Amino acid sequence: MLWADKRALETNLKLSLLQIRERELNFYTNNCLAISTQSALLAGFAYAALMPGIALGDASGVAAHLYPVRLLYLSCAVSALGLQLITVVSTTLLSMLGPGLALRGPDGSMHTAVDGMVDEYRNAFYTFLFGMLATLAAGGFYCWLMFPAMEASILTTMILLITWFIVRYIRRLFETFAVPKELLVTGIYEASEMSDAGGAAGIVSRGELNTLS
């Protein structure tokens with residue numbers, strides 16, 4: 001009877017810990033879906049940047065006759081499209097495969113899914129950011145291909161200011177809200193946390209302590 005009670009207590013404890021990790025899983029899943037939606041929108045903008053027919057000689061701006069400017073414009077547009085599509089694919093698959101692994105995988109799959117989503121989510125964010133910068137760069141080159149020098153200069157200055165404000169705002173948000181890696185709290189009990197929690201609960205068996213991890 002006591003053995004069954006102890007196993008039931010460990011099972012309930014493990015279930016409670018999994019519910020804590022599930023909150024992390026839902027957090028990263030929702031973030032992936034949000035990035036996927038915005039990346040799809042920016043991918044549409046990048047695809048539209050390939051439509052004016054710059055390579056066919058339709059450009060009439062101050063730098064329309066400069067082949068390197070056309071090449072840079074098209075390269076930035078294609079790079080932006082590719083980076084945003086990579087972000088869409090990766091975040092969409094993450095939002096499907098991560099919860100699937102946590103739900104249907106073997107014992108311990110919840111931790112594997114959450115820890116894996118952390119790294120992949122970070123990579124997807126940087127891909128999204130670089131794709132957005134490539135879109136802005138394509139807009140700058142487009143101005144020089146399609147408008148006279150005065151208008152192109154004004155528009156390029158505005159694009160540079162917008163880029164600066166975006167980068168500055170991102171840095172300010174990270175400095176205000178981002179948790180340093182060494183202070184990051186996760187839902188898994190590791191190292192001293194496992195021993196401390198087990199000791200406080202009167203658990204001394206190594207096998208029972210592993211239930212916390």
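Modeller: Let's start with surface: accessible areas come from the Shrake-Rupley method with a 1.4 Å probe, and for residues only the protein chains shown count as cover. The protein here exposes about 13,500 Å², with carbon and sulfur atoms supplying 68% of it. This is a predicted model, where local features need pLDDT of at least 70 and side-chain atom pairs count only at pLDDT 80 or more, while totals for chains, interfaces and linings use all residues. Residues are numbered from 1 along each chain as its sequence is written, and side-chain values use heavy atoms, leaving out hydrogens and water.

Colleague: How many helices and strands are there?

Modeller: Helices (H or I, at least four residues) and strands (E, at least two) are DSSP runs, numbered from the N terminus. The protein has 6 helices and 0 strands.

Colleague: What percentage of the residues is buried?

Modeller: Buried means under 20% relative accessible area (1.4 Å probe, protein chains only). Of the 213 residues in the protein, 32% are buried.

Colleague: And how do I read a nonpolar core?

Modeller: In soluble globular proteins, nonpolar side chains tend to be buried together. A core is a set of buried Ala, Val, Leu, Ile, Met, Phe, Trp, Tyr and Cys residues joined through side-chain atoms within 4.5 Å. The largest one has 16 residues, and L25, Y28, C32, A102, M110, M117 and Y121 touch the most other members. Two or more residues come from each of α1 (2–48), α2 (67–104) and α3 (109–146), with α3 giving the largest share, 9 residues.

Colleague: Which residues does M110 touch?

Modeller: Contact means heavy atoms within 4.5 Å. Not counting residues up to four places away in sequence, M110 touches L18, R21, E22, L25 and A102. Apart from that core lies another, of 8 residues, including A49, A63, Y73 and C76.

Key
Buried means under 20% relative accessible area, exposed over 50%, partly exposed in between (1.4 Å probe, protein chains only).
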